[in-house]
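Here are a few exercises to work through with the model open beside you. Try each task before you read its solution.

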Amino acid sequence: MYTKDGEKYFVVDGHTHFWDASPENWVPGQEEYAKGWIECFHAYQGLGPADTHWPLDRFQKYSEELMMHDLFEVGHVDVAIFQPTNLRQWYTNGFNTTEANAALSEKHPGKFRVNTYFDPREGDAGMRAFEERVKRYGCKGVKLYTAEWRGDSRGWSLKDPEAAKYLEKCEELGVKNIHVHKGPTIWPLDKDAFDVSDIDYVATNFQGLNFIVEHVGLPRIEDFCFMATQERNVYAGLAVVVGGLMHARPKFFAKVMGELMFWLGEDKLIFGADYAIWEPRWQVEGFVDWQMPKDEELSDFAPLTVTQKKKILGLNAARLYDIEVPADLRLDEAPVVEPVGVPGP
Amino acid sequence: MTTVEYQGAGAGRTAAVTSAVWSALGTVRDPELDEPLTDLGFVSRAEVNPAGRAVVRLRLPTYFCAPNFAFLMVADAYDAVSAVAGVTETDVALDDHFAAAAINRGVAARAGFVASFEGEAVDELDALRADFVRKAVLAGTDRVCRALLANGVERERLPGLTLGDAPEGADRERLRARRRELSLPADDGDPLLVDPVTGAAVRPEQLARHLGLARLTRTSQEANSGVCRGMLHARYPHIDTREGEG
């Protein structure tokens, strides 16, 4: 919980990781990729305030104690949602797995929600293992990284028929939150890897599931926003938006927040710090303090209210994940607000 | 004395060709960001030796930048540099990227994208490029319309205006150039607002949606540019990249 100016904010960090990218965990022959991946993440950290930058060795592998401290002791986070990214092709024990996350979660009851993953390329055996993970760890969500390499494959699409089988299983098991993370490779490589039309397709077909598009579809915010106006069950994960822009590019942060409020509205935005890329503390405090600048270029956008910030920082995610919010941290009433948006043709 | 003069003239020629190579690289754009590679800091080295051999090295914000766009930039840089008068041999390569070997080999062999990524791609990149030029048209539309509105033009009048009504300057000419690339109407007498796919004039009832998309597309493009510049700087802290607004 974070308190500022007499207002109390219930904070759900919708996007956190406990990873191991230390050289001991690099798959022989795949070192270049394992190293390239974590160094890329480390460069993202460079977009946050200088006093929150970590040395690379700590960034490669951090302790449980440090994570608990950064999130819950000083980071104002009430509940954090683990989003796994396996990358077993590059990291021997995986980069950030359901199992490692769940082990940490079990030691700290109530602090975390454990999401798992599915990969339609894993076939029937993968389906059985998926169901087992969901039941064992009580998963209410999955994190899908469609650019993950598997053998010669450079990724997959949610439009793949095999993916539909897994989404049907999600509905059956009550795994209702589908977080989708786009990356730079897919098959075929000549298509835009960041295209979000596959999310549009499944959001239409699976109305009972929520689709949370991580980093708001960056670098395709425009496609994402336009798609989201047409799908009631599509949400924006703010990881990278707050961490990557609020400090480094405040004017673009204002524009992006303005667009997200305009096209999606306050009930569809989900805060995520994306630890350990960025620590939650400066993001939570900065976002509560942040206001839409009075700038001619931003004149289309209204200032954010305290209520809107409370929803974005925690109440929206609590709703999706059935997280109990203490009575004094709830809103008096929570009307669903339609986005302003622009109607279709 | 004669020899020294001769060398001096040679050095002058080499410097002129090197300068022309940098200018040529300034015409090559990142297709996603619609900005020149030279402004983005993506050219780490461009040299020409007295024999006319040009060596150019490119770098990108991350090891995992999308390989299709990376390929376009390396291939476009190769084409631009090899067309410079005085360049006799062209060596353009991308450094520090997971697909650098495939890209560099493919571009050097003039092999095209499908052949360079055998089994991983089914088509060349023309459609991908055109999609992003259309985005550049939308983003450019926001720029010129904002300038018009700032000059007191009423929003409702925009569908009746022509490209020539937009304020003179770099933004208008950049928009015109992108429209030309797509064979969209681009003369002064053509409509200011056109559909970036069909080229049809935007009708008054489509105005709100068109301007909304134009603003959104520009926001996305500029936010991406900001992230890319920041990432490049984090990756290569010693370089001095020109900072964009924001």
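**Exercise 1. Find how many residues of chain B are in contact with chain A, and which elements of chain B supply them.**

Solution. Start with the count: 39 residues of chain B are in contact with 35 residues of chain A, where contact means that the C-beta atoms, placed from the backbone, lie within 7 Å. Next, assign elements: α3 (67-82), α6 (126-150) and α8 (207-235) of chain B each give two or more residues to the side that touches chain A. The largest share comes from α8(B), with 17 residues. Finally, sort by class: this side of chain B has 19 nonpolar, eleven polar and nine charged residues. Here Ala, Val, Leu, Ile, Met, Phe, Trp, Tyr, Cys and Pro count as nonpolar, Asp, Glu, Lys and Arg as charged, and the others, Gly among them, as polar.

A note on the conventions: this is a predicted model, in which local features need pLDDT of at least 70 and side-chain atom pairs count only at pLDDT 80 or more, while totals for chains, interfaces and linings use all residues. Residues are numbered from 1 along each chain as its sequence is written, and chains are lettered from A and ligands numbered from 1 in the order in which they are written. Helices (H or I, at least four residues) and strands (E, at least two) are DSSP runs, numbered from the N terminus.

**Exercise 2. Describe helix α12 (residues 306-320) of chain A: its span, its bend and its cover.**

Solution. The 15 residues of α12(A) should span 21 Å, and the end C-alpha atoms are 20 Å apart, which agrees. α12(A) also bends by about 55 degrees at A:Ile312; the bend is the angle between axes fitted to the seven residues ending there and the seven starting there. The buried residues of α12(A) include A:Ile312, A:Leu313 and A:Leu315. Among the elements that cover the buried residues are β4 (79-82), β10 and α11 (280-289) of chain A. After the helix comes A:Asp322, with a positive phi near 50 degrees.

**Exercise 3. Work out the strand order of the five-strand sheet in chain A and name its edges.**

Solution. The order in this open sheet is β6-β7-β8-β9-β10 (chain A), with parallel pairing. β6 (141-145) and β10 (269-270) of chain A are the edges: each has a single partner strand, so one side of each lacks a neighbour in the sheet. Pairing requires that DSSP find at least two bridges; β8 (residues 210-213) and β9 (residues 234-237) of chain A are joined by three. Within that pair, A:Val213 stands opposite A:Ala236.

Technical notes. The expected span of a helix is 1.5 Å times one less than its number of residues. A residue is buried if 20 or more other C-beta atoms lie within 10 Å of its own, exposed if 12 or fewer, and partly exposed in between; C-beta atoms are placed from the backbone. Two residues are in contact if their C-beta atoms, placed from the backbone, lie within 7 Å.
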